[in-house]
Amino acid sequence: MTATVKYDEVEVGQEIPERTYPVKRLDLVRYAGASGDFNPIHWNEKFARSVGLPDVIAHGMYTMAEGGRFVTDWAGDPGAVIDYGVRFSSMVVVPDDEGAEIVISGKIEEKRDDNTVVVALTARSAGEKVLTRAKATVRLA
């Protein structure tokens, strides 16, 4: 595959429209199974509260993965992402009844001569920034 976004069609400062990713407890249980991270703070409300958390929280890597999904959906090719990194700044709290949402947007921060761009991501949940220094380097067509 090749990225569907064309290098010549993007500019520094260009915004990538935000997308909202719902998070339910079932998503966390599935992620636990896929990742092998069965820490009860990610699925057991009673346990999460007993260790001082406000409720069940999403896995940090789940949140990071949603950022990666945002970039690959935009680029049109998962293989186009050649570097990706984040820092975790807050938790995604996932109440049992309504779940949570992760809202992600992006901006072209740098356009390099080798057909790559650096995309800076903003990820929020319940009004809080949940990822910082979130950047992906993407090779475009």
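## A first look at the fold

Residues 24 or more positions apart make up 69% of the protein's contacts with a separation of 6 or more, a contact being heavy atoms within 4.5 Å. This is a predicted model, where local features need pLDDT of at least 70, side-chain atom pairs count only at pLDDT 80 or more, and totals for chains, interfaces and linings use all residues. Numbering starts from 1 along each chain as its sequence is written, and side-chain values use heavy atoms, with hydrogens and water left out.

Starting at the N terminus, the elements go β-α-α-α-β-β-β-β. Helices (H or I, at least four residues) and strands (E, at least two) are DSSP runs, numbered from the N terminus.

The five strands make an open, antiparallel sheet ordered S1-S3-S4-S5-S2; strands pair if DSSP finds at least two bridges between them. S1 and S2 sit at the edges with a single partner strand each, so one side of each has no neighbour in the sheet. S4 and S5 pair over eight bridges, and Thr116 stands opposite Arg139 in S5.

Helix H3 (residues 60-75) packs on this sheet and touches S1, S2, S3, S4 and S5. The direction of H3 makes about 135° with that of S1; axes are lines fitted to C-alpha atoms, for helices over the stretch in contact, and angles run from 0 to 180 degrees between N-to-C directions.

| S1 | 15-23 |
| S2 | 81-88 |
| S3 | 100-111 |
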